[in-house]
Amino acid sequence: MDLRDFMLLLHIAGAGTWLGANVVQMMAPPLAAAQGPEVAAGWMRMGAGFAKRLYMPVGILVLITGVVLVLISDGAYTFGSLFVTIGLAVVIIGGLLGGLVFGPGAEKAGEAIESGDQSRIAAVTGRLARYGVLDTLLLLFAIMVMILRWD
């Protein structure tokens with residue numbers, strides 16, 4: 001396995017982890033809520049931890065491996081290639097969403113669940129869900145663009 005293959009493996013594994021974690025983040029809250037408010041609040045707090053302990057390292061991995069793949073492509077790809085630009089943009093947007101929306105929003109959701117404030121729970125979890133769908137769709141779009149190598 002050469003450097004390109006290894007970087008590509010890490011790049012794909014990082015994107016797969018990001019996508020898989022997004023799917024889990026969409027599926028788990030209703031399952032946790034069915035177990036009661038303590039479990040639901042705990043899940044939200046875990047979700048807040050994912051922002052720093054999972055998504056941030058995965059985003060950095062995807063970014064670094066993507067940059068390395070461009071640099072070692074012997075000019076086949078450049079930072080001006082459309083698929084590279086889209087990929088970089090999605091990583092940046094994902095990072096901003098994680099730091100500004102998902103981490104703080106999951107903490108707020110945990111607090112709302114513990115307080116029992118149903119309107120606040122609905123507002124905060126609804127916001128998280130909408131941004132989660134947006135993040136997932138952007139990621140799927142970036143994956144498609146990478147596969148097709150839009151130039």
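A crossing of two helices is called left-handed if the near helix is turned anticlockwise from the far one by less than a right angle, and right-handed if it is turned clockwise. In this structure, helix 3 passes helix 4 in a left-handed crossing, and helix 1 likewise passes helix 2 in a left-handed crossing. The model is predicted, with local features needing pLDDT of at least 70 and side-chain atom pairs counting only at pLDDT 80 or more, while totals for chains, interfaces and linings use all residues. Residues are numbered from 1 along each chain as its sequence is written, and side-chain values use heavy atoms, with hydrogens and water left out.

**Helix packing**

- The axes of helix 3 and helix 4 come within 9 Å and cross at roughly 160°, where axes are lines fitted to C-alpha atoms over the stretch in contact and angles run from 0 to 180 degrees between N-to-C directions.
- Helix 3 and helix 4 are therefore roughly antiparallel to each other, a term for angles over 145 degrees.
- The contact of helix 3 with helix 4 involves 21 nonpolar, six polar and five charged residues; here Ala, Val, Leu, Ile, Met, Phe, Trp, Tyr, Cys and Pro count as nonpolar, Asp, Glu, Lys and Arg as charged, and the others, Gly among them, as polar.
- Helix 1 and helix 2 pack at an angle of about 165°, their axes being 9 Å apart, and helix 1 is therefore roughly antiparallel to helix 2.
- In the contact of helix 1 with helix 2, the residues divide into 23 nonpolar, eight polar and one charged.

**The largest pocket**

- About 700 Å³ of space lies in the largest pocket, a pocket being an open set of points on a 1 Å grid where a 1.4 Å probe fits, with protein on both sides within 12 Å along at least five of seven lines.
- Of the 29 residues that line the largest pocket, those closest to its centre are Leu8, His11, Leu69, Phe83 and Met146, and lining residues are those with an atom within 4 Å of a point.
- Two or more lining residues come from each of helix 1 (3-34), helix 2 (37-71), helix 3 (82-115) and helix 4 (118-148), helices being DSSP runs (H or I) of at least four residues, numbered from the N terminus.
- Helix 1 gives the most to this lining, with seven residues.
- By class, the lining of the largest pocket has 22 nonpolar, five polar and two charged residues.

**Asn22**

- Asn22 lies in helix 1 and is buried, with a relative accessible area of 7%, where buried means under 20% with a 1.4 Å probe and protein chains only.
- The C-alpha atoms of Asn22 and Glu107, which are 85 residues apart along the chain, are separated by 17 Å.

Note on methods: Points joined across faces, edges and corners; volume = space filled by probe spheres on them. Parallel < 35°, antiparallel > 145°, perpendicular 65-115°, else oblique. Buried < 20%, exposed > 50% of the residue type's maximum accessible area, 1.4 Å probe, protein only.
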